[in-house]
Amino acid sequence: MKIIFYGNVLEYTNNEKTYEAKNCTNVRSLIDELGLHYGEGLKNFIMSDETCFFLVNGKGIMLTGGLETKLNQQDKIELIPFTEAG
């Protein structure tokens, strides 16, 4: 599955704009994988209240099950911050 990063999320990904994840069954397991790959800073940023949101195939995860939203290998996931760092 392809993850696309936007805005100040890139500060945690060394400016990598995309990542190919494998074997993540839901958004929670994807966050764990991203934390292992990019470090706990990214995981903590994602899990902080009101910092960013996920779109899975164009739909916000709050409409599809939150962190338990099921993922498939062909999914496109976008990680978008609510605001830019100031």
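1. Helices (H or I, at least four residues) and strands (E, at least two) are DSSP runs, numbered from the N terminus. This is a predicted model: local features need pLDDT of at least 70, side-chain atom pairs count only at pLDDT 80 or more, and totals for chains, interfaces and linings use all residues. Residues are numbered from 1 along each chain as its sequence is written, and side-chain values use heavy atoms, without hydrogens and water.

2. Start with the core. A nonpolar core is a set of buried Ala, Val, Leu, Ile, Met, Phe, Trp, Tyr and Cys residues joined through side-chain atoms within 4.5 Å. Buried means under 20% relative accessible area, exposed over 50%, partly exposed in between (1.4 Å probe, protein chains only). The largest nonpolar core has 23 residues, and Phe5, Leu30 and Phe54 touch the most other members. Helix α1 gives this core its largest share, five residues.

3. Look at leucine 30. Beyond its neighbours within four places in sequence, leucine 30 is in contact (heavy atoms within 4.5 Å) with Ile3, Ala21, Cys24, Phe54, Leu71 and Ile77.

4. Now the rings. Rings of Phe, Tyr and Trp (its six-membered ring) pair if their centres lie within 6.5 Å; planes under 30 degrees apart count as stacked, over 60 as edge-to-face and the rest as tilted. There are four aromatic pairs in the structure. Tyrosine 12 and phenylalanine 45 are stacked, 4.8 Å centre to centre with 25° between the planes. Tyrosine 12 sits in the loop between β1 and β2, phenylalanine 45 in helix α2, 33 residues apart. Tyrosine 12 is partly exposed, at 30% relative accessible area; phenylalanine 45 is buried, at 12%.
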